[in-house]
Amino acid sequence: MLRRGIYAIVDRDACAAADLDPERTAAAFLAAPLAALQLRAKQADDRSLLRLARALAPLCRAAGVPFVVNDRVDLARLAAADGAHVGQDDLPPREARALLGPDALLGLSTHSTAQVEAAAGEPVDYLGFGPVFATRTKTRADPVVGLAGLRRAAAATRHPLVAIGGIGLDDLPAVRAAGAHAVALVAALLEGGEPGRRIREAVERFGGD
């Protein structure tokens, strides 16, 4: 089962925009206790993504943090990642599970209560849900669900929910109170060019069990 806490996303494009190296950013994130660390690189070619995934996998292993590759189940396997995260238009969860095996961590993005309910029978370990607020890191984001939508989704599923989308550090207590098992952060962890300080603050604000 996915741990409760901060689900840090190393987004290669967001790191480049902030003039940060993704591998060093991942290392800074891993100094804090995380629910998981995901690599997202929408614009990367396969070789670059695989190279970066293979660099991050041992860092996560040494830190005892599950490492997940976004979208690319094939590259997750090649990089010996702990799992993958797929979207509504990616490889279906059952096919992803068949490739990853029974012990891998598999997440599925959802954007409405209907999608959350439809995922009830899928072989996934957690559901991403959002965007909770307006997001800056996706060019074609789905409609904002808000805290009320997050509450409805949490009540409609047995799967742990990972809230995502436009969430700032100040929002973390309210997002957790609305039913999030974990919170995925991207831009909020890069502000000020100090990912190590931001991740520590995020973990503190989200709170423990």
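**View 1. Helices α2 and α3 cross with right-handed geometry.** Right-handed means that the near helix is turned clockwise from the far one by less than a right angle. The model is predicted: local features need pLDDT of at least 70, side-chain atom pairs count only at pLDDT 80 or more, and totals for chains, interfaces and linings use all residues. Residues are numbered from 1 along each chain as its sequence is written, and side-chain values use heavy atoms, without hydrogens and water. Helix α2 spans residues 22-29 and helix α3 residues 46-63. Helices are DSSP runs (H or I, at least four residues), numbered from the N terminus. Their axes lie 10 Å apart, at an angle of about 20°. The pair is therefore roughly parallel (angles under 35 degrees). Pro22, Glu23 and Ala26 of α2 meet Leu52, Ala55, Leu56 and Leu59 of α3 (contact: heavy atoms within 4.5 Å).

**View 2. Asparagine 70 in strand β3.** The strand covers residues 67-70 (a DSSP run of E, at least two residues). Asparagine 70 is buried, at 10% relative accessible area (buried: under 20%, 1.4 Å probe, protein chains only). Leaving aside neighbours within four places in sequence, asparagine 70 contacts Gln38, Leu39, Arg40, Lys42 and His85.

**View 3. Phenylalanine 206 in helix α9.** Helix α9 runs over residues 195-206. Phenylalanine 206 is buried, with a relative accessible area of 4%. Not counting residues up to four places away in sequence, phenylalanine 206 touches Arg4, Gly5, Ile6, Leu172, Arg176, Ala180, His181, Ala182 and Val183. Glutamate 95 is 111 residues away in sequence and 34 Å away in space, C-alpha to C-alpha, from phenylalanine 206.

Definitions and conventions: Buried < 20%, exposed > 50% of the residue type's maximum accessible area, 1.4 Å probe, protein only. Axes fitted to C-alpha atoms, helices over the stretch in contact; angles between N-to-C directions. Parallel < 35°, antiparallel > 145°, perpendicular 65-115°, else oblique.
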